[in-house]
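Morning, everyone. I have one structure to show today, and I will keep it short. Please take a look at it first.

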Amino acid sequence: MFSSYVPRWLQVLLTEKFFNACIIHEDSRKNEKNIYCLDCCISICPRCLAPHSSHRLLQVRRYVYHDVIRLDDATKLMDCAFVQSYITNSAKVVFINQRPQTRQSRGSGNFCTICDRSLQDPYLFCSLSCKIDYLSRTEDGLSKFLFECNYLPLPDSGLDDGLVTPDSILEPSCSTKTSSGSGGYDEVWCRALACTAATSEIVRKKRTSLTACRPTCPPVSEVSGNLMNRRKKAPQRAPLY
């Protein structure tokens, strides 16, 4: 799926199984591994934090068995332009991986470039993995879309259990801007803008080629006319022997 030049911390993030019980603290409460250490490339539970206090850390949250991370954290690591974000508990989040779909039908509308999941305009990817999957196949790869981040602490508000309950409905956000511009994120937003045009052009070319390859169907009026003409013909009886 992904090429060899994808950083190891990113490969592990996309394949790691979070919220499993920590085997070191299996008898303790709140021992789910919902923290990802980018420096060690492992998932840990809150009770394992002490040795990793100076490392880059991501808290992973979960909504209906699918892992999400805060958009503010994700934009410090990579360009998240055109990845559909959602609002939950007053924070924007993005899905780490694509989610299984019950139906594979594709009608009119906006869809993920990789997995065809229905999206709102103007989004092009349903998750981080779909965007990374697509960019890793392009000539330039991920080199222009990953940012150098030397400091990534956990939220100042402290850790929560990471579980988004069904009462906290995920609502699609209406903005493609990856941060509010406050709190020192202007530099991250400017770097994301430099990548946005390239992403849009790459996907536009792919969608144009897909549209050109789709078979064309005759108009409905033409099909209806053919059926009516067929019905007007005199019925033919089978020969008698």
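Let me start with a term. A pocket here is an open set of points on a 1 Å grid over the protein atoms alone, with protein on both sides within 12 Å along at least five of seven lines. Keep in mind that this is a predicted model.

Now the second largest pocket. How much space lies in it? About 180 Å³. The lining counts 13 residues. Closest to the centre of the pocket are K17, Y65, H66, D67 and N97. Which elements give two or more residues to that lining? They are α1, residues 8-15, and β5.

Domain 1 (7-63) and domain 2 (64-147) each supply at least three lining residues.

Strand β5 covers residues 66-70 and pairs with β7. The sense is antiparallel, over 3 bridges. Within this pairing, I69 stands opposite V94 in β7.

Strand β7 has another partner. Strand β6, residues 86-88, runs antiparallel to β7, and 3 bridges join them. Here Y86 sits opposite V93 of β7. The hairpin of β6 and β7 has 2 residues between the strands. In that hairpin, N89 takes a positive phi near 55°.

Notes: Residues numbered from 1 in each chain as written. Predicted model: local features only at pLDDT ≥ 70, side-chain atom pairs only at ≥ 80, totals over all residues. Heavy atoms only, no water. Pairing = 2+ DSSP bridges. Helix = DSSP H or I, 4+ residues; strand = E, 2+ residues; numbered from the N terminus. 1 Å grid on protein atoms, 1.4 Å probe; cavity = no way out; pocket = protein on both sides within 12 Å on 5 of 7 lines; lining within 4 Å. Points joined across faces, edges and corners; volume = space filled by probe spheres on them. Domains from an automatic or database assignment.
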